[in-house]
Amino acid sequence: MNVSIEQQAKSDIIIIGAGIIGLSIAYHLLEIEPKLSITVLEKEKILGLGSTGKCTGGIRYQLSSPLLRRLSFLSREFFHNFESVFDVPIWYREKGYLMLASNEALWNQLQVTNGQAEAEGIPMRLLNQDELLRNYPFLNKDRFRGGTFCPWDAYADPYAVLAALYAAVRRQGVDIHFDREALKIIIKGDTIKGVETTQGTIWSPLIVNAAGPYAARFAAMGGVTLPVQPFRRQVYVCTNPKDVPKNSPSIIDLASGFYLHQEASGKTVLLGGTDQDTWPGLEEVVDKSVAEGFFEAAMETIPSAIDIKWLRTYTGICEQTPDFHPIIGEASGLKGLFFANGFSGNGFMHAPAAGRIMADLVLKGGTKWMDVSPFHPDRFARGCPLGSNS
Ligand SMILES: Cc1cc2nc3c(=O)[nH]c(=O)nc-3n(C[C@H](O)[C@H](O)[C@H](O)COP(=O)(O)OP(=O)(O)OC[C@H]3O[C@@H](n4cnc5c(N)ncnc54)[C@H](O)[C@@H]3O)c2cc1C
C-alpha cells in the first residue's frame, strides 16, 4: 500500500518548543499515559538555545504571590529527587535566598509574604536590620531596612536539568525534531487539526504552546492574541566580591532588582536584574551602555563590588505577562490548543509544576493540584489580571 508522508505524520500531541517547559510537559504526559505519541518541534538546531539555556537557575519560595508559591511548592519534590530519579548531577543546592528591603513599603511587603509563607509551611524568616548586618556584614549598612531568608531556596543547573529531561523523554519514545519550526496552526471550525512546519505537516488534535519568548508569535498563527512579551535580560559574569564568603545565599535587592548568584566554586558570581525597563524584543545583543548604571546598583547593595572583575556578559530573553503570572490553560473557542507560557522570570523553577498541571489539563480536563483558573489565558481580555509579583 502506498502511504503518503502526510498520512504518516500524525501524533497524539504536538508540543511547540524543546525548552524546560515543553520537555517537562512531555515527561509528565508520559507519566500518565506511557503509550502516547508525542512530537516536540524545536526551531533551533540544538538543545538549550532558548531562555532555559540562559537562565541563572534560581529556585525560590520567597515570592509575594501565593499562586506562584504554590507552583514552587508543587515543583519541590521533583527538584529534590531529580538526581536519584534521573541518575544525573544537576548541582542542586539549597543555600537560600536573601531578599532585601531598602524602604518601609518593601519591608512591609516582606513581612506580609513571610506571614503567608509561614502559614503554608514554608520556612521563611524575617531578619531585622541588626540581624541582617550581623549575619551579612558585606551588605551596604546604610541601605537596608530588613530582609528575609528561606533555606529551601535553591539553585540547580538549568542546562543539566534540560539535558536529563531530553534524554529521558527520548528514551521513552518522544519524537523531538530540531531545526523544524512550526509555521501555521491548521484549524477546522473551532478545532485544532495540526501544524504546518518548515518540513511538512504534522496532524494532531492537541497542540501545546511551550514556545517561551515566541509564545505570542506562535499563538498568533492560530489567530489568538497572547499577552506574552519578550524582554532582554543581561547577565554579568564577575569575580566574587572579596568580602562575600563562599556558599553565601543568593541575594535580591527588591528596590533595584539587582541580584547576585554565587557559582559553586565561590570564585565567580552571576549578577543581573536591573534591566526591568528594557523594551520588548527578541534581540539578544549585549548593551554595554547600561553597564555603568548596573555596577552602580551592585555597589549600592554590596560596596566591595567596586573591586570585582567583569569577566563577560551574555543576554537571554524572558517571556513576560502584564501581571507577571503564567498563562496556563486551553484557548477559549479553539479546542485542543493549550498554553504554558509567560512564566515571567520563574519558568525554570516552575517547570515541574507546569508540566504536571498541563499533563492533567490535556489528558483529564482538570487537575487536583491547585485551582488553575486564575492562570486562564482569557483573564486579560476579561479585565481580571492577577496582582503583580516580586
Ligand atoms: C537571564 C535569565 C535569567 C533567568 N533566571 C531564572 C531563574 O533564576 N529562575 C527561573 O525560574 N527562571 C529564570 N529565568 C526564566 C526562565 O529561563 C524561563 O522562564 C524558562 O526558561 C522558559 O522556558 P520555556 O521552555 O518556556 O522557554 P525556552 O527555553 O525559550 O524554550 C522555548 C523553545 O521554543 C522554541 N520555539 C519557539 N517558537 C517555535 C516555533 N514556532 N517552532 C518550533 N520551536 C519554537 C524556541 O527555539 C525555544 O527553544 C531566567 C531567564 C533569563 C533570560
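Is Glu-104 buried, partly exposed or exposed, and what is its relative accessible area? Glu-104 is partly exposed, with a relative accessible area of 44%, where buried means under 20% relative accessible area, exposed over 50% and partly exposed in between, for a 1.4 Å probe and protein chains only. The model shown is predicted, so local features need pLDDT of at least 70 and side-chain atom pairs count only at pLDDT 80 or more, whereas totals for chains, interfaces and linings use all residues. Residues are numbered from 1 along each chain as its sequence is written, and side-chain values use heavy atoms, with hydrogens and water left out.

**View 1. Salt bridge between Arg-145 and Glu-104.** The closest N and O atoms of Arg-145 and Glu-104 are 3.0 Å apart, a salt bridge being a side-chain nitrogen of Lys or Arg within 4 Å of a carboxyl oxygen of Asp or Glu. The pair links distant parts of the chain, 41 residues apart, with Arg-145 in the loop between helix H5 (129-135) and strand S6 (146-150) and Glu-104 in helix H4 (residues 104-119); helices (H or I, at least four residues) and strands (E, at least two) are DSSP runs, numbered from the N terminus. Arg-145 counts as partly exposed, at 30% relative accessibility. By the rule given here, the count comes to 13 salt bridges.

**View 2. Salt bridge between Glu-94 and Arg-76.** The closest N and O atoms of this pair are 3.1 Å apart. Glu-94 lies in the loop between helix H3 (66-86) and strand S4 (97-101), and Arg-76 lies in helix H3, so the pair ties together parts that are 18 residues apart in sequence. Glu-94 is partly exposed, with a relative accessible area of 33%, whereas Arg-76 is buried, with a relative accessible area of 16%.

View 3. Asp-275 and Arg-233 are both buried.

**View 4. Aromatic pairs, including Phe-73 with Trp-152 and Tyr-236 with Phe-294.** The structure holds 18 aromatic pairs, for which the rings of Phe, Tyr and Trp (its six-membered ring) must have centres within 6.5 Å, with planes under 30 degrees apart counting as stacked, over 60 as edge-to-face and the rest as tilted. The rings of Phe-73 and Trp-152 are tilted, because their planes lie at 50°, with the centres 6.0 Å apart. Phe-73 is partly exposed at 33% relative accessibility, while Trp-152 is buried, with a relative accessible area of 18%. The rings of Tyr-236 and Phe-294 have their centres 3.9 Å apart and their planes at 5°, so this pair is stacked. Tyr-236 lies in strand S13 and Phe-294 in helix H8, so the pair ties together parts 58 residues apart in sequence, and both residues are buried.

**View 5. Charges over the rings of Tyr-214 and Trp-369.** The charged end of Lys-43 sits over the ring of Tyr-214, 4.0 Å from its centre, under the criterion that NZ of Lys or CZ of Arg is within 6 Å of the ring centre and within 35 degrees of the ring normal. Lys-368 lies over the face of Trp-369, at 4.7 Å from the ring centre.
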